[in-house]
Amino acid sequence: MSDFFTLTVLVAVVGSGVRLATPYLLAGLGETVGQKSGVLNLGIDGVMQLSAFSAYFVVLKTDNLMLGVLAGLAVGAVMGVFYGVITIVFKATQGISGIGIFIFGLGFSDLLFQRLVGTPKPIRQLPTIEIPFLSELPVVGEALFQHNPLTYVAFILVPVTILFLGKTTFGLNIRAVGENPHAADSLGVSVERTRYVAILIGNTMAGLAGVALVLELGIFQPNLTQGLGFIAVALVYFGSWRPSHVMAGALLYGLVNATVLQLKARNIIPLSFSELAAMAPAVLTIVALVILAQRVKGPAALTKPFIRH
Amino acid sequence: MKKNRLFRLLIAVFALALVAAACGGSSAEDEPATTTVPTTEAAGATGSETTEPVAAPLRVAIVAPSAKDDLAFTQSMVDAVNALDRDIELSITDGTFVIEDAAAAIRGYAEDGNDVVIAHGTQFGASLIEIAPDFPDVTFLWGTATDTQGLDNVFAYSPAADEGGYVNGIVAAGISESGIIGVVGPLEAGDAVAYIKGFETGALDGGAKSVNITYTGSFGDVALAAEAAQAHLVNGVDVLTGSAQMVVGAVGVASQNDIPWFGNQANQTSLAPALVVASQVYHWEVILEEMLSLRDAGVLGGQAFEINLANGGLVIEFNPGYDLPEGVRAAADAAIQGIIGGTIDTGF
Amino acid sequence: MLSKIVGSAVPVLAALAAFLVGAVMLLVLGASPLDGLKAILDGAFGSGERLAATAVKATPLILVGAGISIAFRARVINIGGEGQIIAGALLATVIALALPDLPSVVLIPLVLMGGAIGGTILGAIPGVLKAYASVNEILSTIMLNLVMVQFMNFLLRGPLIDPLEIAAGTRIPQTQRLSDNAALPTLVEGTRLHLGVVVAVVAAVIAYIVLWRMPLGFRLRAVGHSPEAARAAGINVERNITYALAISGMLGGLAGAILVFGSEGQRMITDGSAAGFTGAAGFNGIVAALFGGLHPLWTIPSAFLFGALLTGATQLQRVLQIPAALAVALNGLVVIFVISSARFRSYIQSIIEKRPSNRASEDLERPYSKIPGVDT
């Protein structure tokens, strides 16, 4: 136990936590933008799987990482358009239509993988990029500044999202249609278009999360995400719709997982308790939901379709 | 309002265009597969066999928990059936871990008139107790299992996975500089346990300082397997192995960090051509042939078979692309001979 | 009348549209949709045995679907079917392990009750959290799904593992073979049709009676219709929200017990994931409930239809080598299409009845809870 707290191990745990947090963060930030506009998207896990498969497939065929990333983004955007039509044109109940998207993404990516690929073949992974100067810093350099590009993108997107939602006209419109769509409407803001764009952003980022996951692993398999997208949705509530808090939640989740794995690798946790340890994040999330539900108000119009009076 | 409708229309057109593009792309990609897949899977899997049905071919069906081309447990059986020197019509239902579905598939294949139905998963045993007596003319193969549960139309099969594990362990210890070796397993169950136990004994006998074993708790979670491998690396591990289908995640980590890898169940060289040192490969065909010969002779079941190093059912396939030092290779061969000769205890 | 016919036609048409997309998928995959349909129909209804398999497959969908319908009438969405099934299965299994020698007439009702209680507990948790702490039940049920999977893995690998598995060193995470006295009796010899199917149908009918013929059902629906009005009428809104999720969970838990004691294996086993045990019935039940118009009675035929699709899909894989994942993708599409058609349906009905269309959407849209952001 004592040698667990050596510097190397801690640095590795933090590094691993940051790496694990990346897809949660990307998906969670996207979901935040969507929810801020009043749209709950429970389907991001399915979107992630579809995007992950397309990125995997494109890289497998072309060996071009850039094309893979673009393919994943494109599929995320297409799913965004679908979800926009479902929630805005058809005004379907969001809790359930999202589950539909999830089931579809799960099944369809599985189907495509089995038919088009079959044997899991490894693909090129994203390279690690060491940020000049910063990566040479003692301790933090290795933990924070030696990651793949999408990890940096994810963390850069945190301030970007904060600025976008807080300072840009469009971001303010998003928040307006999420809080009081009728008032926004009467002020000349197109509720539907604003929500379309927010959904598009959310799904594209979910797509990017899937891409980050698959290009970090270098391999695809059916149900690659194992419910990651649902945790990301929970993180949005956990983070009270604030990007910085969503980031904190994602990091916490990543660090807990990394710590558990590190303890397992050193045979510190008895095997039989590893499942109990794995329950911890979900239990913690429920506890956080209980505490936060009393104090924090989300977007007032969340999950409510907009119907002009 | 008008503008709004236009926007919707644009979105719809955009969506349709993308869908069309996506479908076009995938259908073009799928064309070759379409031509090779009539009703038999053999054609799809290997592209050979299933031609000219002179006499009625033997109809064999496999029901398996993971994908037929998982580079692991299920693929080992598919490859084995395809390797048989017989006229065989093979059908496969893969990816069915749920017992209920597997039971339905097993029964369905028996009803469809298959001669041999392979229930390729320990967990299907309980279903066989119910199904096998209903089809006395069908031979059921069940593994991994060491007894036939008293059913006379069931053959049981199992691998002595600890044997190859031991050999891999010896080699792993031979090439490790840190003397610390990492293992990534699924649940602590099935042949993974035997392989890992044998590996641990072999590595320690071969002079390794410690063998760190992580069971991720899931057969499916590749990401967790990858991160478990990462965690090993931090602890000074410089050689990795693993068992079950989710190891592909760990192999990815190995290849990113130039860590040698040892495979189990099927030849995993294709996952990391430069780094896979050796794989213990299950060659079920050795015992399959025996079982089918027994069936030809009118014995439909009632016996248990094991593949091991001695009968050639377990083969350590070294990757020619990996430059293994002479001495280590010699130690491996000695270990194989020792196990066959019964002078080595794999600790399982 | 016309409005009612159109009302029920719309979801059917929506599902047909989804199946049409499925046909296109088959074409793209290089199989004739007609052959595909034939394989599915043959696999689902081709023989008495297969018909029975379809009914068995439909059983958990009926129960979960009926549960979701009940919850929905009180305007709570229960996505915790997977966790509730597992909770019920675990408690039922523990009972069978503890009292293996009881005669069937006692043990079978006992394990079914155990299942129902397990599910009730797991359903009541998000119910209480929603009613008294304003926690979004969608999130809490999803989280509880994740918790229960790990709890199942823990139990099946540890305290409940088959001693033979430890002795043999194989350590497959499964219980020992459970007492034959707890096995649900087969109804038709030579098939897998067992008592669980009847139990599920009866439970769905009871759910219907409770919902529409009993005071409890009236209160649940009143809460779903308008919590404010219900409260004004003296109904305890919080308590009824809790009941709705608890009853929903109870039906899921019952499904869990039936899955264990109606299976050919007569034991509980895990592959580390929820779907490995439940066959994703907790999610597929949502599909069945939606297609059944969120009505417990209509959920029964609807569940049979999707049971048929799932059973037929294995035949699809056997005969045409089309991965059974197609059925999963198709299920997702059905959910999307049917839920998307709800608004369309009320729109058409409103035209027929010449009334404003917004009213008709009440069924699905207006959420309970005055706390924004934490309702559905």
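Biologist: What makes the six strands of chain B an open sheet, and in which order do they stand?

Modeller: They stand in the order β2-β1-β3-β4-β5-β11, with parallel pairing. The edges are β2 (88-93) and β11 (304-307) of chain B, each of which pairs on one side only. On average, neighbouring strands are turned by 20 degrees against each other, direction ignored. Strands are DSSP runs of E with at least two residues, helices are runs of H or I with at least four, and both are numbered from the N terminus. This is a predicted model, in which local features need pLDDT of at least 70, side-chain atom pairs count only at pLDDT 80 or more, and totals for chains, interfaces and linings use all residues. Residues are numbered from 1 along each chain as its sequence is written, while chains are lettered from A and ligands numbered from 1 in the order in which they are written.

Biologist: What makes the radius of gyration of chain C agree with a compact globule?

Modeller: The rule is 2.2 Å times the number of residues to the power 0.38, with the radius taken over C-alpha atoms. For 376 residues a compact globule would come near 21 Å, and chain C has 21 Å, so the two agree. Along the principal axes, its C-alpha atoms fill a box of roughly 70 × 55 × 35 Å.

Biologist: What share of chain C counts as buried?

Modeller: Of its 376 residues, 65% do; in chain B it is 60% of 348. Buried means 20 or more other C-beta atoms within 10 Å of a residue's own, exposed 12 or fewer, and partly exposed lies in between, with C-beta atoms placed from the backbone.

Biologist: Why are α4 and α13 of chain C called oblique to each other?

Modeller: Angles run from 0 to 180 degrees between N-to-C directions, with axes fitted to C-alpha atoms, for helices over the stretch in contact. Under 35 is roughly parallel, over 145 roughly antiparallel, 65 to 115 roughly perpendicular, and the rest oblique. α4 (residues 81-98) and α13 (residues 281-291) of chain C pack at about 125 degrees, with axes 7 Å apart; they are therefore oblique. C:G81, C:E82 and C:I85 of α4(C) meet C:A281, C:G282, C:F283 and C:G285 of α13(C).

Biologist: What makes residues of chains A and C count as being in contact, and how many are there?

Modeller: Their C-beta atoms, placed from the backbone, must lie within 7 Å. This holds for 46 residues of chain A and 47 of chain C. α4(A) gives the largest share of the chain A side, 15 residues.

Methods. Contact = placed C-beta atoms within 7 Å. Pairing = 2+ DSSP bridges.
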